[in-house]
There are 2 protein chains.
Amino acid sequence: MNPAVDLVVVGSVALDTIETPVARRERILGGSASYACAAASFFARAGMVGVVGTDFTAEHRVLFEGLGVDLEGLQVEDGKTFHWSGVYEENMNNRRTVSTDLNVFADFSPELPPGYRSAPYLLLGNIQPELQLHVLDQVETPRFVMADTMNLWIDTAKDALDQVIRRVHLITVNDSEAREYTGEDSLARAARVMLDMGPRHVLVKKGEHGSMLFSKDGVFVLPAFLLDDVADPTGAGDSFAGAFLGVLAASGGTDEAVMRRALVYANVVAAFGVEAFSLERLSTLTRDDIEARVRQFREMTAVAWDD
Amino acid sequence: MNPAVDLVVVGSVALDTIETPVARRERILGGSASYACAAASFFARAGMVGVVGTDFTAEHRVLFEGLGVDLEGLQVEDGKTFHWSGVYEENMNNRRTVSTDLNVFADFSPELPPGYRSAPYLLLGNIQPELQLHVLDQVETPRFVMADTMNLWIDTAKDALDQVIRRVHLITVNDSEAREYTGEDSLARAARVMLDMGPRHVLVKKGEHGSMLFSKDGVFVLPAFLLDDVADPTGAGDSFAGAFLGVLAASGGTDEAVMRRALVYANVVAAFGVEAFSLERLSTLTRDDIEARVRQFREMTAVAWDD
């Protein structure tokens with residue numbers, strides 16, 4: 001059976017309450033699957049696997065459908081949608097969780113619709129590693145599986161996370177998570193520890209400082225797109241991952257050259273995402289906007305050599 | 001009169017006592033002028049303007065002369081050389097000063113030898129802004145003047161620093177200094193505040209996270225060369241500045257394309273410098289080593305586009 005979508009994203013769908021130094025917004029659409037699907041949608045047909053409550057409105061659904069995101073894998077359960085509340089301090093570098101209400105997410109058991117099981121690209125967004133493993137058990141030999149995680153799972157579910165890392169093509173972490181997971185201060189050493197576990201690639205995100213893609217053959221380092229201001233950094237890593245996998249899915253390849261170009265696109269889409277709260281910027285973005293900013297990024301980083 | 005050197009560096013020459021998580025070294029050669037001159041020497045004839053005491057040995061002199069650094073501008077005074085003692089903690093990101101003994105540096109008044117006054121390139125290394133202004137008063141219409149500074153002078157000598165910034169072509173600061181000096185959290189905004197004061201370029205250093213060159217026309221962003229380990233980060237910014245200006249001096253130009261290439265070289269030379277204490281690595285480095293690492297850096301950052 002032909003897959004119904006090019007890539008599947010499993011993750012959280014949330015209604016977030018977020019306070020930054022300049023604004024506070026209540027119960028706005030968020031979650032790792034939301035950001036990743038929206039970002040991927042500019043490049044490929046993304047299918048979302050997640051769970052929401054009855055407070056997930058028709059408006060939310062229309063937003064995703066407008067982007068071309070397939071919601072067949074989105075379960076609706078009696079109860080409230082996962083709610084996260086957090087505060088960003090000063091220069092957005094410190095984030096403090098005020099409350100986490102799991103709600104319907106507490107009993108989430110991701111089930112892939114039949115049309116999703118043969119999708120060639122899979123993003124295991126940041127959720128419990130046990131659920132990521134449960135999804136891995138449902139897919140048929142995908143071409144490329146990418147997993148994201150967070151410090152919480154390093155602290156509380158390391159064994160399951162180890163198994164996830166052994167079974168994926170690419171694991172993505174931020175710099176502090178890479179250090180915490182491996183106990184190595186040097187990111188180059190930390191990445192090698194993770195590569196030795198099995199994945200072909202380790203993608204280390206450094207927020208405003210860019211990212212690094214480690215492979216057995218070498219490393220690709222990329223600065224971030226420079227923005228004047230950030231409105232809300234929530235979901236930046238998820239948009240980054242979603243756009244990256246979307247470009248891979250659109251190209252049909254997974255070679256180094258495609259991955260490097262995909263990271264530039266990921267960079268640019270993530271930069272758009274943080275210019276506004278929630279999916280506000282991503283939901284009005286066009287492919288032309290993205291291409292224009294990719295050109296800007298290339299100018300921002302180009303060095304002319306004689307040879 | 002033809003200048004005796006291609007570029008002049010004014011700054012500190014020090015004997016540092018440095019402790020890192022892995023080693024402690026006493027009274028090793030350091031200082032902003034030392035690192036900058038050593039780094040510049042691979043590309044151009046650098047002349048050092050500084051002061052040392054009678055504990056500055058023939059061995060130190062031989063090291064600089066072996067690199068081709070001109071020491072005519074190095075004053076020797078009765079007393080001890082400037083001594084800085086510091087400790088780097090954990091992942092080298094926190095540096096704590098244990099003691100600062102100015103010694104002969106307390107009465108330093110930089111005087112340029114006649115053969116230095118017409119040098120086309122000038123680096124005002126990190127010293128009191130008043131001394132930087134005193135040097136500026138001695139030079140004859142240099143083609144390009146670059147100034148470095150630090151948080152101490154922002155706190156204690158802001159007026160003089162303002163004057164320095166108004167009179168140079170390029171001011172370089174690290175990210176926290178850019179924020180502190182301008183009161184702007186956004187580095188893009190901070191750079192514009194400084195550009196509005198007069199310099200054509202603002203170079204913001206972010207250590208292991210790379211650097212950004214702001215000009216009125218745009219910005220160039222560059223990741224750092226990725227190292228497995230850092231032995232001693234002391235002097236990295238000075239080596240960076242020295243190599244950058246050395247490449248400019250060698251090219252004879254100051255256009256954007258030359259500056260971008262110069263920053264890649266600066267990146268690479270600074271990365272060599274931090275692989276060992278003091279000038280140990282820089283003093284054994286060859287131009288071939290540098291070119292090989294420039295090629296590595298280009299591979300590390302290259303993206304293949306169809307157009």
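1. The side chains of R192(A) and D228(B) meet in a salt bridge, with N to O at 2.5 Å; the term denotes a side-chain nitrogen of Lys or Arg within 4 Å of a carboxyl oxygen of Asp or Glu. Across the interface of chain A and chain B the rule finds six salt bridges. Side chains of opposite charge can pair when their charged atoms come close.

2. The model is a predicted one: local features need pLDDT of at least 70 and side-chain atom pairs count only at pLDDT 80 or more, whereas totals for chains, interfaces and linings use all residues. Residues are numbered from 1 along each chain as its sequence is written, chains are lettered from A in the order in which they are written, and side-chain values use heavy atoms, with hydrogens and water left out.

3. Polar contacts across the interface of chain A and chain B link 16 residue pairs, both residues being at pLDDT 80 or more. Such a contact is a pair of N or O atoms within 3.5 Å; within protein, one must be able to donate a hydrogen and the other to accept it, and residues adjacent in sequence count only if both atoms are side-chain atoms.

4. On the side of chain A that touches chain B, α10(A) gives the most, with five residues. That side divides into 18 nonpolar, four polar and 16 charged residues; Ala, Val, Leu, Ile, Met, Phe, Trp, Tyr, Cys and Pro count as nonpolar, Asp, Glu, Lys and Arg as charged, and the others, Gly among them, as polar.

5. In extent, the interface brings 38 residues of chain A into contact with 38 residues of chain B, contact meaning heavy atoms within 4.5 Å. The two chains bury about 3300 Å² between them, 53% of it on carbon and sulfur atoms; this is the accessible area (1.4 Å probe) that two parts lose on being put together, summed over both.

6. Chain A holds ten helices and 13 strands, which are DSSP runs (helices H or I, at least four residues; strands E, at least two) numbered from the N terminus.
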